[in-house]
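Work through the following exercises with the model open beside you, and try each task before you read its solution.

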Amino acid sequence: MAFRRRAKSHPLFSQEFLIHNHADIGFCLVLCVLIALMFEVTAKTAFLFILPQYNISVPTADGEVVLYHYGLKDLVTILFYIFIAIILHAVVQEYALDKINRRLHLSKIKHSKFNESGQLVAFHLTSMVWCLYVVVTEGYLSNPKSLWESYPHVHLPFQVKFFYLCQLAYWLHALPELYFQKVRKEEIPRQLQYISLYLVHILGAYLLNLTRLGLILLLLQYMAEFLFHLARLFYFTDENNEKLFNAWAGVFVISRLFTLTLSVLVIGFGLARMENQTFDLEKGNFNTLLFRMCVLLLLCFSQAWMMWRFIHFQLRRWREYWNEQSAKRRVATAVHGKQQPKAIKKESGSHENGVVKAENGTSLRTKKLKSP
């Protein structure tokens, strides 16, 4: 008990130390793994953290190709890249977002949303370019039939498996970042929702051997999300910059339609025409009617939920816009009403029965006023 009290009072176990130095702790752990590569005794263990495991050599016409499949050792690799993601998160925050925030002088709520969108813009842009490169080099765009042919896609190229491991690491790192970044309690449920959605879809595509379809769907999703968070950044710098929201709205709707169409094409038609439709866990074959129905229902439900959130967001924007316009009209009417009596007095005197009176009440000269 005495040791526990001393441990809790020690600065290494304090909440403030963990919040402000979590990136330094992650950097030290990553550095320890990299140093372990220098020694023969620990190098084999260190490679478990850095490189994807479960590689096999597959003979081809041009020689041998090294492919990978998944297993429990992937958890070790994901853990290592969680610390890498924490370090990169801190670097973007300190060297980019904090400097911009000092110039903008945003409120606390806008400051938190600006940091969130800034981090996601950097991540979505990197993932979008990386995903596009993988899809093009692997030939998934030029040959759409490869999305369902030769299913199950148990053996993955290095770049495909490494991409999925990094994606899982990033979204898992976002969970402790809610604590480290002191996210407000009101924002935590919303952020947990989209983090959980990403983890469920990415992990499902990885474990169910639908990695090729998952890459295309992630590319569509990241394009829409990148535009949305970029529009938020421009909006926080200047509230009149709302044109990017219109571009995001168009891309969002198109990406939802493409997602549903491609999912039905691959799962509902492509996999349904495959000869091998038996459940085999050892071979990684999940191509059964129940499997296809569950995956399609999950995808349709998630897309419908996102569309409902999108419509709700657009209605709120339009409501705020019309309220702002009506408020401006009321202010303009009130100002015009106050200025109108002042516009009548153009001379130093005043009119009474067609006679111009001076300020002391004496008549200057008679003048007939024109009728209105």
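**Exercise 1.** Are F252 and F310 buried or exposed?

*Solution.* Before starting, note that this is a predicted model, in which local features need pLDDT of at least 70 and side-chain atom pairs count only at pLDDT 80 or more, while totals for chains, interfaces and linings use all residues. Residues are numbered from 1 along each chain as its sequence is written, and side-chain values use heavy atoms, with hydrogens and water left out. Taking buried as under 20% relative accessible area, exposed as over 50% and partly exposed as in between, with a 1.4 Å probe and protein chains only, both F252 and F310 are buried.

**Exercise 2.** Which kinds of ring pair do F245 with F313 and F252 with F310 form, and where do the partners lie?

*Solution.* Begin with the total: the structure holds 30 aromatic pairs. For F245 and F313, the ring centres are 6.1 Å apart and the planes meet at 45 degrees, so this pair is tilted. The classes apply to rings of Phe, Tyr and Trp (its six-membered ring) with centres within 6.5 Å, where planes under 30 degrees apart are stacked, over 60 edge-to-face and the rest tilted.

Next, locate the partners: F245 is in helix 9 (residues 243-270) and F313 in helix 10 (residues 289-344), so the contact ties together parts that are 68 residues apart in sequence. Helices here are DSSP runs of H or I with at least four residues, strands are runs of E with at least two, and both are numbered from the N terminus. Both F245 and F313 are buried.

Now turn to F252 and F310, whose ring centres lie 4.7 Å apart with planes at 20 degrees, so the pair is stacked. This pair also links distant parts of the chain, with F252 in helix 9 and F310 in helix 10, 58 residues apart.

**Exercise 3.** Which residue lies over the face of F252, and over which ring does the charged end of K73 sit?

*Solution.* The test requires NZ of Lys or CZ of Arg within 6 Å of the ring centre and within 35 degrees of the ring normal. R256 lies over the face of F252, at 4.7 Å from the ring centre, and the charged end of K73 sits over the ring of Y54, 6.0 Å from its centre.

**Exercise 4.** Which residues does UniProt list for "transmembrane region", and how much helix does the span 78-97 hold?

*Solution.* The unreviewed UniProt entry lists residues 78-97, 118-142, 162-180, 192-209, 247-269 and 289-311; positions follow the numbering used here, feature names are shortened, and annotations may be inferred rather than shown by experiment. Residues 78-97 are 100% helix and 0% strand, with their end C-alpha atoms 26 Å apart. Residues 289-311 are 100% helix and 0% strand, with 33 Å between the end C-alpha atoms.
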